[in-house]
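Work through the exercises below with the sequence and the coordinates at hand. Each task is followed by a stepwise solution.

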Amino acid sequence: MSPSRIPILFLAAAVTELSHAATLITTDSSFTDINVVLPPADNAVTISPSFVSLSIEQDRWTDWSGTTSSNQFFYNAMENLKNLTGSPPGIRIGANSEDHTNFDHGVQYAEDIFPAPNPTTPYPEATNITVGDSYYTTAKYLLPDTEVIWGVTFGQNNLSAAIVEATSIMQAFSGPEISNLGISLKFLEIGNEPDLYMNNGLRPKNYNVTQYVSEWTHFADAIFEEINLNTTSTRFLAGAFAGSSSNFEGFSPQAIFNLGISNSLAGQYIKAFSEHHYQGTFCSGSEGVLSDLMSKANIRGNLSQFASDIQATNDQGFDYILGETNSYSCHGAPGVSNTAGAAIWALDYALYSATLGIKQVYFHDGIGFKYNLIQPLTLTRSILDGSPLSAPLPPHIQPQYYAGIVAAEAIGRYGNTLISELPIDNPQISGYSFYDDSQVKRLVLINHTPYFQADATAGTQRPVAKVKIYFPDRCGTHNIVAKMLEIQHSDDTSGLTWGGQSYETPDGLIGGFVSARTVALNEHLGIPASQAALVAFQCS
């Protein structure tokens, strides 16, 4: 349906003590009951303060961290999130370049070899990375208390290289410069997307999951013994698969657990399984469609497929994470992944992931990648097609960063927040409730309806969801406050605001004054197409 033909929605959401329902009314007179209960709903799950985290392409890690001092822009962007939840985002360092990394004590930080850029891949990954000890010690420039996942090579099938990398990583994190800040190595990851090795030349065409488990165990046991992993808090992360067969035959958590990956000496120190997932792909240069990315149904269809994988992982007593994820693989689709509509996608994608039992989502970023939340250093060529820029583009945040900010504020600083999805039977509206002390404290409502620059130019009226929230009797008007993620057009690449404030500043710190307003008990709260709202309330 085109934006011009989508009817105005009237959404009545009820927050009750267990008995009252509410009705979503559209202009075609359809009805949907929405029940939001004050005690935690049966499907409410814990959401971590560091739920929204970052995966960083390893080849240019020091551009993010800094070498002799911190990259202040990146540091500020992470601190914004920590200020909202009390915990810094997790950082995973690895991805494709992790399997092209070698170690040399004579290298100070890193020496990279890059292929030439092209219009499809304006900022390609390095084909060879050689690092030294100081490369890993740059983790000292992360926020205090950051938990890190670091990957070591597996694709090259070079055990010696994996051991020396793991040894240098452990030495860095055991040193006082890092440990005194509470920065910790949460997981070691052995290899990136081994289920694709048979396709990218890193293993024979007949490579299978049985061989993977055997090789992983060989590598992990050797690393375990070399670095005395049992004397540290660091654990192994299993998987890092690009996809899942969700059965015992192909690459999947079910298969590797059935094959006994957790029974070996090192396998007993596995504590989580990592899956990688992208909503679509741009690897062949085919264009993405922004309205498809923003679709509520597509988000659910993409993520619900992992339900059995999540359950199989949890049955082992392990956490399930999306250790690398974003909109379109191969660095994103131009005019889609770098737009405001991608912020709507990312917000719903992340929160829906949490309701499925996914413990953390690591949005993948790399220098110049189109789908980044953050561009941490000055760019000289376009992220869309690699053409030279007329002027250097300083460090800046991109629209998806706002999704992390809204999610962080919704999670809050309580430390044991629960989340559940509101059962809204409407294809354009999604919502979530957040619980502290067993009571609903905040709601997030998201309008997935696209509204493009062309719609505004054509004079098309912007669809607006009219939301009426029925609060318990003990809630007064002065207790209810709404903040808006304001987006002018779905295909904008800047100009977003959160509660009237902007993060599109030279230093990445928040600018402007807060614009939040009280909501009357009988008021309809308007949520325009391609925008979202956070409604917070304190009821005694």
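**Exercise 1.** How many residues has helix 12, and what is its reach from first C-alpha to last?

Solution. The model is predicted: local features need pLDDT of at least 70, side-chain atom pairs count only at pLDDT 80 or more, and totals for chains, interfaces and linings use all residues. Residues are numbered from 1 along each chain as its sequence is written, and side-chain values use heavy atoms, with hydrogens and water left out.

Step 1. Helices are DSSP runs (H or I, at least four residues), numbered from the N terminus. Helix 12 covers residues 340–355, which makes 16 residues.

Step 2. The expected span is 1.5 Å times one less than the number of residues. For helix 12 the reach is 24 Å, close to the expected 22 Å.

Step 3. Just after helix 12, Gly357 has a positive phi of about 100 degrees.

**Exercise 2.** Is Asp348 buried or exposed?

Solution. Step 1. Buried means under 20% relative accessible area, exposed over 50%, and partly exposed in between (1.4 Å probe, protein chains only).

Step 1. Asp348 has a relative accessible area of 0%, so it is buried.

**Exercise 3.** Which residue forms a salt bridge with Asp348?

Solution. Step 1. A salt bridge needs a side-chain nitrogen of Lys or Arg within 4 Å of a carboxyl oxygen of Asp or Glu.

Step 1. The partner is Arg300, with the closest N and O atoms 2.6 Å apart. Asp348 lies in helix 12 and Arg300 in helix 10 (residues 296–304), 48 residues apart.

Key
Helices (H or I, at least four residues) and strands (E, at least two) are DSSP runs, numbered from the N terminus.
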